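Here is a short report on selected local features of one chain. Please view the structure first.

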Amino acid sequence: MSFKINRRQLIGAISGVSLMGFCGEKSFSAQTIPAVASNSGRNFETEILVCGGGPAGFAAATNAARLGRKVLILERYGRLGGMGIHARVWPLMGGVNSPFVKEVHAKIGGNGFDPERADLYLADFLEQAGATILLHAWATEAITDGNRIVGVKAISKEGILTIRAKLVIDATGDADIALAAGVPCEMGRGGDGLVQPMSIMFAIEGVADNAKYSGSEESARAIKIGDNETWETVTTRAQKNGELPATVGVVRTYKMGRSGKACVNATQINGLFGTKVEDLTQAELECRRQAFRVVEFMRKHIPGYENIYVSHMPAVIGVRETRRICGLEQLKREDLITGRKWDNAIVRGARFVLDIHNPAGGGQAENQDQHQIQGSAAQVKPYDIPATCVIPQKVDGLLVAGRCISGTHEAHSSYRVQNICMAIGTGVGVLAATALNDNTIPVEADMKKIQKILFP
Ligand SMILES: Cc1cc2nc3c(=O)[nH]c(=O)nc-3n(C[C@H](O)[C@H](O)[C@H](O)COP(=O)(O)OP(=O)(O)OC[C@H]3O[C@@H](n4cnc5c(N)ncnc54)[C@H](O)[C@@H]3O)c2cc1C
């Protein structure tokens, strides 16, 4: 059937009345609009396919492309950058000995990057290296041949895309593709299986120039906001008397470049999983509501915050912890505490505390017995991450990068920060490209050659 718009319908549309089939003054037939197909018939071939455009995926794709391989990177949302962009996680944390991470910092402005712009810089890196970027493509299925992954299917507005590759890198943060391909995965801490809480970080403006900012480090939490009280004391009292949500024990505000602007890390919800749709829905709604309670609390109690308002609420909840693959090796707490070195390191000099946000309540899980000291975390020595933690068990043709590599719940709490994930991605990209360049498989790749590229 074909529709023609008449004058009365046009007026209706302009005045806001919904009008099915309105398309300017042009007549059209409903059948000409293609439905979202169950299979679009779009097929892609590449050498290295990277699923996920976060710090790990972006670094893997850039570095593999720089070594001459044909690379395609898929991202389910409309921007690159992962949690740092979608969930407004800020600033970049973690130290690492990585020339590539240094190079990225020089371009994006260091740890205090500008989240409105940084994703475009990441796109520049990828494009200059020759990688193809596909945004709005959500990888959903592994295409396998025996125990080998040979590609991925992704859902898009055009329908299903089929992408075949010689090597696939899972940088989804959630090990979506590894799981789909049959890699055994773990989730949560030993015992009750709980994971770190999800949180909404958000940005505020209107902080007075002379106001103080509080972080999660001991010194920042001890900042005096009145004559006798610390920020932490005031926050803990509000948490106890119900003014703040029971899980909000630390209100961290990080100054963001411009005057009066800060990033707030305070909300959290426990007992939910970032791989379950009902849990994600509940976390999205609950943490956004918490955010406005935190803003009210700050306006009322913290000098210099009387006029603050939410200037950026991210589109997506922040997910700290989901699946971790079972790899050929597993990185453990002791490896980090002792600063273990590995001959087959793809990351060197990783530095970040064991930072476990309490899976069962407010504050940090370390030192739970001293719960009044909220935000404490265990120290580590500079440590390596070996190639065998990014090579999964049971499935060939697959590497994993970022927070879903093979490690324990405790070790993950350190290497999950963005700078270390970017360094993992760098290592994985170089490992993948070197293996293909030498016509071998990642587990047999020349580690000396790889390390020469990574740590010149
Ligand atoms: C609330 C919160 C606060 C944090 N605070 C800090 C901090 O201050 N500093 C810091 O450095 N780190 C912080 N972190 C940790 C850090 O942000 C993440 O651990 C880090 O971003 C992980 O990097 P990644 O590349 O492994 O995964 P992600 O950043 O999660 O990126 C994964 C990407 O893959 C995409 N994706 C997922 N599934 C698919 C799929 N199936 N198909 C296609 N694309 C897919 C996602 O959209 C995303 O872009 C925080 C995390 C949270 C949640």
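## Helix crossing

α4 crosses α12 with right-handed sense. The model is predicted. Helix α4 covers residues 99-108, and helix α12 covers residues 418-437. Their axes lie 9 Å apart, at an angle of about 125 degrees. Angles over 145 degrees would count as roughly antiparallel, and 65 to 115 as roughly perpendicular. The two helices are therefore oblique to each other.

The contact can be listed by residue. From α4 come Phe 100, Val 101 and Val 104. They meet Asn 419, Met 422, Ala 423 and Thr 426 in α12. By class, the residues of this contact are 5 nonpolar and 2 polar, with no charged residue.

## A mixed open sheet

Strands β3, β9, β8 and β7 form an open sheet in that order, and the pairing is mixed. β3 (42-45) and β7 (138-145) are the edge strands. Each has a single partner strand, so one side of each has no neighbour in the sheet. On average, neighbouring strands here are turned by 25 degrees against each other, direction ignored.

What is the sense of the pairing between β3 and β9? The two strands run parallel and are joined by 4 bridges. Strand β9 spans residues 159-164.

Strand β14 covers residues 262-265. Are its faces covered or open? Both are covered. Ala 262 and Val 264 are buried on one side, and Cys 263 and Asn 265 are buried on the other. In a regular strand, side chains alternate between the two faces of the sheet.

β14 pairs with β12 in the antiparallel sense, over 4 bridges. Met 201 stands opposite Asn 265 there. β14 is also joined to β13 (residues 252-255) by 4 bridges, again antiparallel. The hairpin of β13 and β14 has 6 residues between the strands. In this hairpin, Gly 257 takes a positive phi near 60 degrees.

## The loop at Gly 188

Gly 188 sits in the loop between β11 (185-187) and β12 (201-205). Why does Gly 188 count as partly exposed? It has 17 C-beta neighbours inside 10 Å, while a buried residue needs 20 or more and an exposed one has 12 or fewer.

Beyond its neighbours within four places in sequence, Gly 188 contacts Gly 193, Leu 194, Val 195 and His 409. Arg 324 lies 136 residues away along the chain, yet the C-alpha atoms of Gly 188 and Arg 324 are 8.8 Å apart.

Terms used:
Residues numbered from 1 in each chain as written. Predicted model: local features only at pLDDT ≥ 70, side-chain atom pairs only at ≥ 80, totals over all residues. Contact = placed C-beta atoms within 7 Å. Pairing = 2+ DSSP bridges. Axes fitted to C-alpha atoms, helices over the stretch in contact; angles between N-to-C directions. Parallel < 35°, antiparallel > 145°, perpendicular 65-115°, else oblique. Left-handed = near helix turned anticlockwise from the far one by under 90°. Nonpolar A, V, L, I, M, F, W, Y, C, P; charged D, E, K, R; others polar.
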